[in-house]
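I opened the model to look at sheet pairing first.

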Amino acid sequence: MEDIQVLVCDDSALMRNLISRIVDSTLGMKTVGTAMNGKFCLQKLPTLKPDVIILDIEMPEMNGIQFLEERKKQGIDIPVIILSSVATKGASVTMKCLELGASDFITKPSGSVSSNLSSVSSELIERISSYGGRYARRKGKEVYPTEYFMQQAKLKEAESVAVKEGIINKIKPASTPTSTASSKPAFAPTLWQTTPKEPAIITPLRKGGAIDIVALGISTGGPNALREVFAKISPKFPRPILVVQHMPAGFTKEFAASLDRICPLEVKEAEDGDLIHPGQIYIAPGDYHIKVEKSTLCNVIRLSKEDQRNGHRPSADVLFESVAKIYQNRALGVIMTGMGRDGAAQLAEMRKQGAWTLGQDEKSSIVYGMPKVAWELGGVQKQVALENMADEINKIVQEHVNG
């Protein structure tokens, strides 16, 4: 197996060091270089050939935005993950980065950098393994799957808690055939072989009816995937679309606005009590579940701060559950790229109620997690590539707009 190679670009020497330590303590990935600004980062790309770039926004001489603009001009396709404190202050700047081609973003935690950066280490490892791993495989490398890296992250968290509570002493890292560096993890994850499961068979309680609503769940890889889908959605799309995109609080309003600029339909962050109108797209706000509530004249959106579901709020399962209950066979459920299983069980429930369902295929998913589990549970009627998803949604809804 080859390492996923990471280039860290940040003007803080402390941050470069801390990020590199998180990367280098993870089996299967390594830091191949660092840069103090975008200019030096560009200069190092031809030599270092990284699989992914971790990028700060505020830097001297060439900042993150300027780097992304130059990257776009030069046609560089190496994925970029934004890791910046600016992201917590200016959601519009973060959305600008996504519009310029950044793959995803993580917000630096506030407070003491050295103590708090560890709180986002699992997110960082997930993003590096997802985007960097996919890029590396496209270039012909053989790298570990994302699940391998996430198992490491969980083991590290468990070790950290055990040490903190005095259950164990800090374990010295075991040397490996490729490295004896003290930065390597104390626990090495176990690789397992998985064979594709045949999907379960669901017999719907009723035939599919006229589609009155579309419900969509998506996570890692979602921001750019939704940009592609909604840019190609029909301007005459006759039904409302409700979306759960896993995203922190404070970002979804600006994210909805950025989608609105490229989508022929109106896109807005959902608000509690919104009437659900045809031809509108509603994005669940960060840290709120979104549900559908039945009303005499027009169904409405309800937001809630109920407990997380599957580790998320908003949760796709919560949305799909309410749609299955209220719309039964008069809905289209869509599940796309994302880590874990959020949305999978309740998409299967939508299918059981007679709803139409789609899932993103493995090849075009940044992380084939949520759509894979939904497929295995029998909740997906058809798997579709990202580039064809908008056309497929347009087609199915148009064919079943009147039953």
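I checked β6 (residues 213-218) against β12 (residues 331-335): five bridges join them, and they run parallel. Strands here are DSSP runs (E, at least two residues; helices are H or I, at least four), numbered from the N terminus. Two strands pair if DSSP finds at least two bridges between them. I found glycine 217 opposite isoleucine 335 in β12.

This is a predicted model: local features need pLDDT of at least 70, side-chain atom pairs count only at pLDDT 80 or more, and totals for chains, interfaces and linings use all residues. Numbering runs from 1 along each chain as its sequence is written, and side-chain values use heavy atoms, without hydrogens and water.

I traced the open sheet next. Its seven strands follow the order β8-β9-β7-β6-β12-β13-β14, with parallel pairing. β8 (266-269) and β14 (382-384) each have a single partner strand, so one side of each lacks a neighbour in the sheet.

I then looked up the aromatic pairs (ring centres within 6.5 Å; planes under 30 degrees apart are stacked, over 60 edge-to-face, the rest tilted). There are four. Phenylalanine 105 and phenylalanine 251 make a tilted one, at 4.8 Å centre to centre and 40° between the planes. Phenylalanine 105 lies in strand β5 (residues 104-107) and phenylalanine 251 in the loop between β7 (241-245) and α10 (252-260), 146 residues apart. Phenylalanine 105 is buried at 4% relative accessible area, and phenylalanine 251 is buried at 5%. Buried means under 20%, exposed over 50%, partly exposed in between (1.4 Å probe, protein chains only).

Methods. Phe/Tyr/Trp six-rings, centres within 6.5 Å; stacked < 30°, edge-to-face > 60°.
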